[in-house]
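Please look over the structure shown below. The report that accompanies it takes up two residues and their surroundings.

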Amino acid sequence: MRKKLLVLVPLCLLAAAVWAAAAGDAGDPLASLSYLNGAFTNKVDAAVDARLENGGALSGGDGGISSAPIGAAAAWTERRVKQEDVLQAVTGDGVLLLAGSGKVGYSSGAVVDVTDGTVIPSGGSLVLRHRYLVAEDTAADFTITSKTAVVDWQGSCTFYDSTSTDYNAMAAALKAMHLFQGSYTGYGQGFDLEAAPTRLQALIMFIRVLGEESEALTWNGTCPFNDVQPGTNGAKYVGYAFEKGYTNGYSATEFRPSGPVNARQYTEFVLRALGYSSAANTDLSDALARAQSAGLLTEGEAAMLQRDPFLRAELVYVSYYALEVPIAGTGLTLAQRLMDKGVFTQFERDAAPPVLNWRL
């Protein structure tokens, strides 16, 4: 498999490639990209295959046989991570960033960008979908700088979890309760937490927290907006929401399903689901302040939503904590109402991945 870069290889093989790479820079790399992706990688693949065929043992530089470290991965292995999480990698380990952002730090040695055939300096930012190889006599820390990220890793890497807000766990918990499905992206469980949500995605999430998704998907009316493809599930969600008075669209003829949605707009949707607003309200300038008054947001969360780009991670955050908010005029929380409607059961909620109850 071409993605099988390296677990542990004889140091003589690695030293030759890394010495050449470390001698150059991004403008004048001495380890050519063709060499790293060709002869060198082929040698590495062959060595790894041979060791795996010998019972999965990994060979050290002295030719001896030792057991694979606990948690070592011979094949590329994916993991969702969060801000300030650290992946500590050593000689021979491979790292690839699939989504989000991160940086690498090391005190000596080198980390090679195999995709470009250059050395990434300590403190340098990782490039999406570039393969990084930790060189001989090097210990490197790959630190996540975005709120969420997805990494592919191979070798004997060690992960250190931070105490940052765990949007990944929130998304997994919402999925377990049938409130979040993700996209068709083939990595990161399809959560796409690093992407900005669209107006259609925000509307679908709103309908789910209302507990009315089944009603929307069985709706058979005519969607009034000419930019929503007829006969699709999107047309059902939008047409249903318009008929119920949940949304007015962008104009009389446009919904703009692929358009961006901001924090105030989505928070307004959730306030409507909780009974604290309605489609009659067209002034969203104070939506975050009203969300504080309703107990949906803390002061710190409102400030964060006002300051930061609104991504699917924030959409998940607002939706997750909305479950504990009492619905206006009732003694029920949103979660209790959704369970009463059969959207999820108490067992499913209890079995959902735990989330550190830490709020801004």
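The sections below describe the basis of the model and then each residue in turn.

## Basis of the model

This is a predicted model, in which local features need pLDDT of at least 70 and side-chain atom pairs count only at pLDDT 80 or more, while totals for chains, interfaces and linings use all residues. Residues are numbered from 1 along each chain as its sequence is written, and side-chain values use heavy atoms, with hydrogens and water left out.

## L271 in helix 7

L271 belongs to helix 7, which covers residues 263–273; helices here are DSSP runs of H or I with at least four residues, strands are runs of E with at least two, and both are numbered from the N terminus. With a relative accessible area of 1%, L271 is buried, a term that means under 20% relative accessible area, as against over 50% for exposed and in between for partly exposed (1.4 Å probe, protein chains only).

Beyond its neighbours within four places in sequence, L271 is in contact (heavy atoms within 4.5 Å) with Y276, S277, A287, R290, A291, A294 and L296. One of these, A291, is 20 residues from L271 in sequence, and the C-alpha atoms of the two are 6.8 Å apart.

## D85 between strands 3 and 4

D85 sits in the loop between strand 3 (73–82) and strand 4 (86–90), and D85 is buried, at a relative accessible area of 5%. Residues up to four places away in sequence aside, D85 touches F142, T143, I144, Y160, D161 and S162.

The side chain of D85 reaches the backbone nitrogen of K82 at 3.0 Å, and a polar atom of that D85 side chain lies 2.7 Å from the backbone nitrogen of S162. K147 is 62 residues from D85 in sequence, with 9.8 Å between their C-alpha atoms.

Note on methods: Polar contact = N/O pair within 3.5 Å; in protein donor to acceptor, adjacent residues only side chain to side chain.
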